Amino acid sequence: MSISWGVIGAGDVCEIKSGPAFNLIEGSQLTAVMRRDGAMARDYAQRHGVPKWYDDADALINDPDITAVYIATPPDSHEEYTLKVAAAGKPVYVEKPMAMSYDQCINMVNACAHAGVPLYVAYYRRALANFLAIKRWLEEGTIGDVRFVEIQLHKSIKQDLSFKNKGIDHWRTDPVRSGGGYFNDLASHQLDIMDMLFGPIVHARAYHLNQAGVYAADDIVLGQFQFEGGMPGQGSWCFTTSPAAEKEVTTIYGSKGTISFPYFGDSSVTIHLDGQVPVRHTFDVPKNIQHSLIQTIVDDLRGRGTCPSTGESAARTNRVMDWMIS
């Protein structure tokens, strides 16, 4: 069985991160793309060698040549499109964060279950070699008993490329479209990997506010959370620091040492064991960063494997974010 993909919202994320990967996997091809701006949809199709393009999502969803749909729009339309794709009886792959709220996520999960179609979410780090290695080291007890985990993501406005390239008025900083600004966009990746490494987070709370007043969404979140097994964690997310204060690292503290790593722009992992010199491990990641996860989706759809990022796992991340900033 070959998977014929249609993409709703063939924008920036589809240029390198995801779109080309659909044609690089055996038994998978990108057949059609859609954007509300038909000229931009046609341009993407021509540049990437995609046979069909649409300016209407319903037309793409109901195209008989399309057997699975990737929803690559901002979060405010994820629920709407997922329900339509599920009603058409086609598997769904949706961008992260999964939706605007946990309640929307559950609606999406239930709709796909009712239709008997799988639901996948683009938390692609679950399939990358560096995060799989961290999981293996934890399971092997490399740093002993894990005590707690700390996430730090501190960015300045001037160093934020989205401000440089698009100005400050775009969907990521509009809570009406994103659900919660850069916290929802970036911290969702981090919290999802926490779920992968340590299991579900069952309690979370945070102090959050808009300090700088540069855009509508909150720009700082200071949170605490606890995993199902009882282990605690904490995080600080600030998107208006000075350039000198920028920092992006997650540290897992154990009884014998630490594992520390970034999420964005660097695939290294550093292990520091008691009495030893820290060791930095580097990993190769695909040029099309979603390639590895899309491979697991195609394998799952063809009965040759399983995908680690499902509607159920992704919904848990939205639940944690709701607890923190609602």
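Is E15 buried, exposed or partly exposed? In this predicted model, E15 counts as partly exposed, because its relative accessibility is 25%, and buried would require a value under 20%.

## Salt bridges overall

The model contains 14 salt bridges.

## R47 and its two partners

E15 forms a salt bridge with R47, and their closest N and O atoms lie 2.7 Å apart. The pair ties together parts that are 32 residues apart in sequence, because E15 belongs to helix α1 (residues 12-15) and R47 to helix α2 (residues 38-48). R47 has a relative accessibility of 46% and therefore counts as partly exposed.

R47 also forms a salt bridge with D43, with the closest N and O atoms 2.8 Å apart. Both residues lie in helix α2, where a spacing of 4 residues corresponds to about one turn of the helix. D43 is partly exposed, its relative accessible area being 34%.

## The D65 and K52 pair

K52 and D65 form a salt bridge in which the closest N and O atoms are 2.6 Å apart. K52 lies in strand β3 (residues 52-54) and D65 in the loop between α3 (57-61) and β4 (68-71), so the pair ties together parts that are 13 residues apart in sequence. D65 is partly exposed, with a relative accessible area of 43%. K52, at 24% relative accessibility, also counts as partly exposed.

Notes. Residues numbered from 1 in each chain as written. Predicted model: local features only at pLDDT ≥ 70, side-chain atom pairs only at ≥ 80, totals over all residues. Heavy atoms only, no water. Salt bridge = Lys/Arg side-chain N within 4 Å of Asp/Glu carboxyl O. Helix = DSSP H or I, 4+ residues; strand = E, 2+ residues; numbered from the N terminus. Buried < 20%, exposed > 50% of the residue type's maximum accessible area, 1.4 Å probe, protein only.
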